[in-house]
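This report examines how side chains meet within one protein chain. Please keep the sequence and the model at hand while reading.

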Amino acid sequence: MSQDVTLTPALRDAFRREADKLDGIDRDVYLANRRDPLEPIIGLGPRNAPVGFFGRDPGRQEVAHGAPFVGSGGQKVRAGLYEHLHGEALPNFEASLAVGRRYFWANTVPYKPTGNKAWSMAVKKRFQPLMAELLIAHWQGRTLITLGREAFLWFAIGQSREIKRELEAFWAREDRFEALHTTMLSLPDGRSAEFQLAPLPHPSPLNQTWFKRFPALLEARLAALECAH
């Protein structure tokens, strides 16, 4: 693996400026955990990690640890990664952090919202250019396992009507959790990159329809992507 992705001072400052103007950050949780509410929670990982995970937004545990995907849903993902790589159950929390360092992790908005309600489309649009900059210019991987509808359809922000329809149509497919979708992501200055999206359901315990099936779906995704790479 190569050097880890790092936020440039300019990009970190841009995130902090947007967060400073943002209503709805759960500042009480940040304060209780002695965390800076303006600091984005992004699990940057190796620059050349071939596979990344893209979710909705951080929760209470993510704030507490300053790392994404470490709450109950994130642990479901990390447990699947550990079992895929080592053939045995995840032994402890520290092992879940260690296994995650092989991958790139990001969210549509890298701040915890009050009440864990999804950020509005207006907020996601505000942060979209910054997250796109991170994905295109700072990470070399181009395959993202998106977790849930919100994360997958984030890729429709700022796109043409045709591409938006393509993404929505793909999400409506019965085989969306096995198939792959490729879409282009562009920056205002003309830089762009093509991403291969491998959607999965959100791993939250509240998602009763898919929660029990999530480990098998993740294992199938990882095995297929491993063969592809």
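## Glu39 and its salt-bridge partners

Glu39 counts as partly exposed because its relative accessibility is 25%; here buried means under 20% relative accessible area, exposed over 50%, and partly exposed in between, with a 1.4 Å probe and protein chains only. The side chain of Glu39 forms a salt bridge with that of Arg16, at 3.0 Å from N to O. This pair joins distant parts of the chain, with Glu39 in the loop between helix H2 (27-32) and strand S1 (51-55), and Arg16 in helix H1 (residues 9-20), 23 residues apart. A salt bridge is a side-chain nitrogen of Lys or Arg within 4 Å of a carboxyl oxygen of Asp or Glu. Helices (H or I, at least four residues) and strands (E, at least two) are DSSP runs numbered from the N terminus. Arg16 is likewise partly exposed, at 23% relative accessibility.

The model is predicted: local features need pLDDT of at least 70 and side-chain atom pairs count only at pLDDT 80 or more, whereas totals for chains, interfaces and linings use all residues. Residues are numbered from 1 along each chain as its sequence is written, and side-chain values use heavy atoms, with hydrogens and water left out.

## Further salt bridges

Across the whole structure, 11 salt bridges are found. Side chains of opposite charge can pair when their charged atoms come close. One of these bridges joins Lys21 and Glu18, whose closest N and O atoms are 3.7 Å apart. Lys21 is exposed, with a relative accessible area of 54%, whereas Glu18 is buried at 19%.

Another salt bridge brings together the side chains of Lys124 and Glu150, at 2.4 Å from N to O. Lys124 lies in helix H6 (residues 121-138) and Glu150 in helix H7 (residues 149-153), so that this pair links distant parts of the chain, 26 residues apart. Lys124 counts as buried at 7% relative accessibility, while Glu150 is partly exposed, with a relative accessible area of 30%.

## Aromatic pairs and charges over rings

The whole structure holds 14 aromatic pairs. Rings of Phe, Tyr and Trp (its six-membered ring) pair if their centres lie within 6.5 Å; planes under 30 degrees apart count as stacked, over 60 as edge-to-face, and the rest as tilted. Among the pairs is that of Phe15 and Phe127, which is stacked, with 6.3 Å from centre to centre and 20° between the planes. Because Phe15 lies in helix H1 and Phe127 in helix H6, the pair ties together parts that are 112 residues apart in sequence. Both Phe15 and Phe127 are buried.

The pair of Phe155 and Phe195 is tilted, because the ring centres are 6.3 Å apart and the planes stand at 50°. It links distant parts of the chain: Phe155 is in the loop between H7 and helix H8 (161-171), and Phe195 is in strand S5 (residues 192-197), 40 residues apart. Phe155 is buried at 0% relative accessibility, and Phe195 is buried at 0% as well. One aromatic cluster is formed by Phe152, Phe170, Trp171, Phe177 and Trp210. Arg176 lies over the face of Trp171, at 4.9 Å from the ring centre, and Arg78 lies over the face of Trp105, at 4.6 Å. A charge sits over a ring if NZ of Lys or CZ of Arg is within 6 Å of the ring centre and within 35 degrees of the ring normal.

## The S4–S5 hairpin

Strands S4 and S5 form a hairpin with five residues between them, and Gly190 in the turn has a positive phi of about 100°. The two strands pair in the antiparallel sense over six bridges; pairing requires that DSSP finds at least two bridges between them. Thr182 has Gln196 in S5 as its bridge partner.

Side chains alternate along S4 (residues 181-186).

## A buried lysine

Lys112 is located in the loop between strand S2 (104-107) and H6. With 2% relative accessibility, Lys112 counts as buried. Its side chain makes a polar contact with the side chain of Asp26 at 2.7 Å. A polar contact is a pair of N or O atoms within 3.5 Å; within protein, one must be able to donate a hydrogen and the other to accept it, and residues adjacent in sequence count only if both atoms are side-chain atoms.
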